[in-house]
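This report describes a protein model from its coordinates.

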Amino acid sequence: MSLQMVDLRRQVAEIREELDAAIAAVLDSGAFVRGPFVRDFQEGLGAFLTDDRGTPHTLGVANGTDALQIAYQALGLGPGDEVIMPAFTFCATAEAAALLGATPVFADIDPATFNLDPAQVEAAITPRTKAIVPVHLFGQCAELAAFERIAERHGLALIEDTAQAVGTQHIGPDGTLRWAGTVGDIGTVSFYPSKNLGAYGDGGALLSHSATLHELMRQTANHGAARKYYHTTVGVNSRLDGIQAAILGVHLRHLPAWTRARQLVAACYDAAFIPSAFVTRPARASYSTHVFHQYVVRVPAAARDRLRDALKVQGIPSMVYYPVPLHEMPAFADARVAGSLAETERACREVLALPMHPWLSMADVERVADAVLSFFGERTVEATASAAELIA
Ligand SMILES: *Cc1c(COP(=O)(O)O)cnc(C)c1O
């Protein structure tokens, strides 16, 4: 089987019978929008994300971009309001704010984790600032305890873009574990098929421990209606459908095992790259677990694109997340840049995502690592032997 960045056909093959049964149940019921399948999945997701703080409210929506927009709308963000976020993220984080007339404010990242740097955020705050949006990039939490303190001190909302990090846990200074997406005021989730918890189409969710925000978001996603045909605000139409919810319910059962498989693949890559003078492995923050939505290394900027070509020739795919920072995109010309974004710009030049999914074998990982290292004139042999020991 050929190497892929994500292997959804393998995913389907592994759980085909469960999927067929789940989809058939929706077809038999006729409940295609809202209804019991969406409710069941929302409940299952809430149960999965339960911790010492209890069970968060969960709301299925049409996709992760809508989830961000609905979160911003529920907080009342609009013209004149500033929202601090990284420029090293998928465009949706900023796009949803800009669509509402709010101003995205880009602050720099921590070069070790690629996540928003709390010190840079604090320096970017003005009287117009309304919210901070850390993105848990590549499957690892941003430094949430620091963002909670900053949000509290300045009276700001904290929204976690959890599109890439469902199932990640934040580790508090006292060792308390909290699920990514349930720590701030609102967490937004994407179920795009390639995400760790993906549908077979579009989907998204909103998480919150606040019943008030949950109700506001529920209304906003439902045409701003408190009840049918009584519209209190201008909302949107954003729904998770029954078939996607049923599929997501099946995937949720497998998510813990899939996450462990990703972590194993990451450990194998890590071991293989230990001896390399050219490949910088992804750092593990002390305050987070890592679910490896992506396995992203840094390589010297001058070599990165040639390395991609060399891998491609050998049938090894790779990707650059993200080649251009948001502040350099024409779409966000009206956004504000807070301070230097030097680390953001350097990350765009140096990062490389290697194949990462639960169905990669040790041999696949060795093949990829070998190809990367031999490009730099390095070898893996001893390293892969120690990878096996590491996992054993
Ligand atoms: C995927 C993603 C989104 C958007 O999700 P969609 O479901 O594709 O709309 C938002 N933010 C980040 C960081 C993402 O990776």
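The sections below go through the basis of the values, the strands, the pockets and the cysteines.

## Basis

The model is predicted: local features need pLDDT of at least 70, side-chain atom pairs count only at pLDDT 80 or more, and totals for chains, interfaces and linings use all residues. Residues are numbered from 1 along each chain as its sequence is written, and side-chain values use heavy atoms, with hydrogens and water left out.

## The open sheet

An open sheet of 8 strands has the order β1-β9-β8-β5-β4-β2-β3-β13, with mixed pairing. At its edges stand β1 and β13 (336-337), each with a single partner strand, so one side of each has no neighbour in the sheet. Helices (H or I, at least four residues) and strands (E, at least two) are DSSP runs, numbered from the N terminus. Two strands pair if DSSP finds at least two bridges between them.

Strands β2 (residues 82-86) and β3 run parallel and are joined by 5 bridges. Pro 86 has Ala 107 in β3 as its bridge partner. Of the 5 residues of β3 (residues 103-107), 4 are buried, so this strand is largely enclosed by the rest of the structure. Here buried means under 20% relative accessible area, exposed over 50%, and partly exposed in between (1.4 Å probe, protein chains only). Strands β4 (residues 129-132) and β5 (residues 157-161) also run parallel, with 2 bridges, and Ala 131 stands opposite Ala 157 in β5.

## Strands β12 and β14

Strand β12 (residues 295-298) is antiparallel to β14, and 4 bridges join them. Val 297 stands opposite Leu 352 in β14.

In a regular strand the side chains alternate between the two faces of the sheet. In β14 (residues 351-354), Val 351 and Ala 353 point one way and Leu 352 and Leu 354 the other, and all are buried.

## Largest pocket

The largest pocket holds about 460 Å³ of space. Its lining has 24 residues, and those nearest the centre are Phe 90, Gln 164, Ser 190, Tyr 192 and Lys 195. The elements giving two or more residues to this lining are α4 (64-74) and α5 (92-99); α4 has the largest share, with 3 residues. By class the lining has 10 nonpolar, 11 polar and 3 charged residues.

A pocket is an open set of points on a 1 Å grid over the protein atoms alone, where a 1.4 Å probe fits, with protein on both sides within 12 Å along at least five of seven lines; lining residues have an atom within 4 Å of a point. Grid points are joined across faces, edges and corners, and a volume is the space filled by probe spheres set on the points. Ala, Val, Leu, Ile, Met, Phe, Trp, Tyr, Cys and Pro count as nonpolar, Asp, Glu, Lys and Arg as charged, and the others, Gly among them, as polar.

## Second largest pocket

The second largest pocket has a volume of about 240 Å³. It is lined by 14 residues, with Arg 34, Val 38, Gln 42, Leu 59 and Arg 218 closest to its centre. Two or more lining residues come from each of α3 (35-48), β1 (57-61) and α8 (211-221). The largest share, 4 residues, belongs to α3.

Gln 42 is found in helix α3 and is buried, with a relative accessible area of 17%. Beyond its neighbours within four places in sequence, Gln 42 is in contact (heavy atoms within 4.5 Å) with Thr 58, Leu 59 and Gly 60.

## Cysteines

A search of the whole structure finds 0 disulfides, a disulfide being a pair of cysteine sulfur atoms within 2.5 Å. Cys 141 is buried at 0% relative accessible area, and Cys 268 is buried at 5%.
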